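Hello,

Here is the structure I promised to pass on. My notes follow below it.

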Amino acid sequence: MIGEWPVGLTLIAGGVLAAIARGRVRDAVTIIAPLLALAQLAALAPGDYVQLHVLGRTLVLMHVDRLSLLFGYVFAIATLLGAIYALQVDDAVQRVSAPIYAGCTVAAVFAGDMLSLFVFWELSAIASVLLIWARRTERSYRAGMRYIAVQLVSGMLLLAGALVHEAASGSIGFGYIGLAAPGGALLLVAFGIKASFPFLHNWLQDAYPEATEAGTVVLSSFTTKLGIYALARAFPGTELLVWVGATMTAFPIFYAVIENDLRRVLAYSMTNQLGFMVVGIGIGTDLALNGAVAHAFADIIFKSLLFMSMGAVLLRTGTVNGTSLGGLYKSMPWTTGFCIVGAASISAFPLFSAFVTKSMIMEAAVEQGHVGVWLVLLFASAGVFHHAGIKIPYFAFFGHDSGIRCKEAPGSMLVAMALAAALCVGIGVFPGTLYALLPWSVDYHPYTASHVLAQLQLLVFSALAFAVLMRTGIYPPELRAVNLDSDWVYRRLGPDLVAACTSVVSRGLRTLGAAARGLSTGLLRWTLRWHGPGGLLARTQSTGAMALWISALLALYLVMYYA
Amino acid sequence: MSKAKADKVYWLDRSENVTKLFLGLCAVGLLLVIADLIVHRHDAVAFAQWFGFYAAYGFFACVALVLTAKAMRRVLKRPEDYYDR
């Protein structure tokens, strides 16, 4: 039975083999493993497989249903794209950790219970940090440390939530939980860290831009979408998520406009796109949930594509800062073209992928009477075109000519980008194929005259706003600067507080020490004065003097007796 | 890459061509707004059916976004090595 071998293990085994193999054999292994995983997924029938009995609990390593299958497919595709993109990378750490990270994430998706979910949750975090450290700079080392700390906290919360939930309900199974259930809040925060909820989001913008060219592509596909998957399974219809998601769509676009590092701009737009999915999960109707997971599917591919194009720019020019780039379309025409396809996809242009997925969420929001939320999502849709759709290609490939003349991206990178671009267009043109894979039944038609016209108006006038602001010089120039975000709390406030506390405590301790020293010397001196050599109480008295004193006392006694 | 190729003047290098593109975009925008008169949009939200609603919303949303973000720099901007010091 095909289900008796977990799909995640296929990818993990590929990673282990890649560690032993070299050269072309390693290349082949990293390509074949995701293909095998895809074949295995296609053959899987819904059901529970690979059940282990550990510590008196039943662990299910393969819980197969349409939701887990959908994420399995897209993760396998992303692994394949990432592997092709990385073919020219001669770094064993990246080539090995990428499939292992992907495999652990896939294994987490198919986990039917929260203990195995926890195990693969943590393993995927550990495997993924290697893609950041593989940059081998002091900056990436420190960013990786912050990243892994946040990820492990998420895992600890997951474990705590799972145990609380098990103690109350008697079941460790991973299914619908809801916020009201015991441990529900802990699990929501654990998943929310991965899905980059507001104030829990900044590990993403902090760490992803510090990873290697190929590393960021792989990172962008898995961790955050695992969070979305977990939310879709455990918290569908949780109203709070509508508001959380709407916030996520809106606030990062402001940061994206003023951010200079173009991969960090994309990281902000990740939180923005995840926000749409979170809103869909919060609404919780069939249309909304279908929209959320379909958008996750589309997002994994177009975000990979965008990170691939920026990775190619970083590889060839050594920078992805908007201040240093411009005019690269002359040197990298293919990369430019693929980047524009990714930009059109994330912006939801008709015939591109997000047009057929994001709109399901927005329609569901209106159907459920969330008109205010719908307006926020519309604002975020215009904003994402503005910062990811226009800003990324404009500052990298067009705009002011930086004078940089470099080579076009390597062949393997171009092939990966071409495949991803083809998928983006394919989903946009033939949405039925993706809709057929969705977990719930779909009755949605994206290509109506109203929808196409409305979307084109929104996008063209957003572009006009950009053009007008650029031509009038109002558009803020790219600056070499850092913008404060929630990571300030643990990168600046935390260390500063610790430093302040340390100095207060050490000053207190010094004062206390001085006081204690003063007291003890005083005591010693006093003791010495009375009991020390020559001290009054330490003097030896002569027998004669003692006899004299006693007779004096006796005389006194006699006088008082007769008086 | 030969020097001749590096110095090649591209179509987009000429500012009059960029202006042409901008005017083209304006024309497309105009056509899309005119299309609103012909196509009767069916929107679940009543006010979204107003003439040119999406065009106006898209334009002003982006202007507001950029101006707000520009103002946010005053509070949020720090030197590039802020966290490395």
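**Where chain B meets chain A**

Between chain B and chain A, 15 residue pairs are in polar contact, both residues at pLDDT 80 or more. A polar contact is a pair of N or O atoms within 3.5 Å; within protein, one must be able to donate a hydrogen and the other to accept it, and residues adjacent in sequence count only if both atoms are side-chain atoms.

Helix 3 (53-76) of chain B is one of the elements that supply at least two residues to the side touching chain A. Helix 3 of chain B gives the most, with 19 residues. Helices (H or I, at least four residues) and strands (E, at least two) are DSSP runs, numbered from the N terminus.

The model is predicted: local features need pLDDT of at least 70, side-chain atom pairs count only at pLDDT 80 or more, and totals for chains, interfaces and linings use all residues. Residues are numbered from 1 along each chain as its sequence is written, chains are lettered from A and ligands numbered from 1 in the order written, and side-chain values use heavy atoms, without hydrogens and water.

The contact (heavy atoms within 4.5 Å) takes 51 residues from chain B and 54 residues from chain A.

Three salt bridges cross the interface. The rule is a side-chain nitrogen of Lys or Arg within 4 Å of a carboxyl oxygen of Asp or Glu. A:Arg480 forms one with B:Glu80; their closest N and O atoms are 3.2 Å apart.

Strands meet here too. Strand 3 (residues 482-483) of chain A pairs with strand 1 of chain B, antiparallel, over two bridges; pairing needs at least two bridges found by DSSP. A:Asn483 stands opposite B:Lys77.

Best wishes
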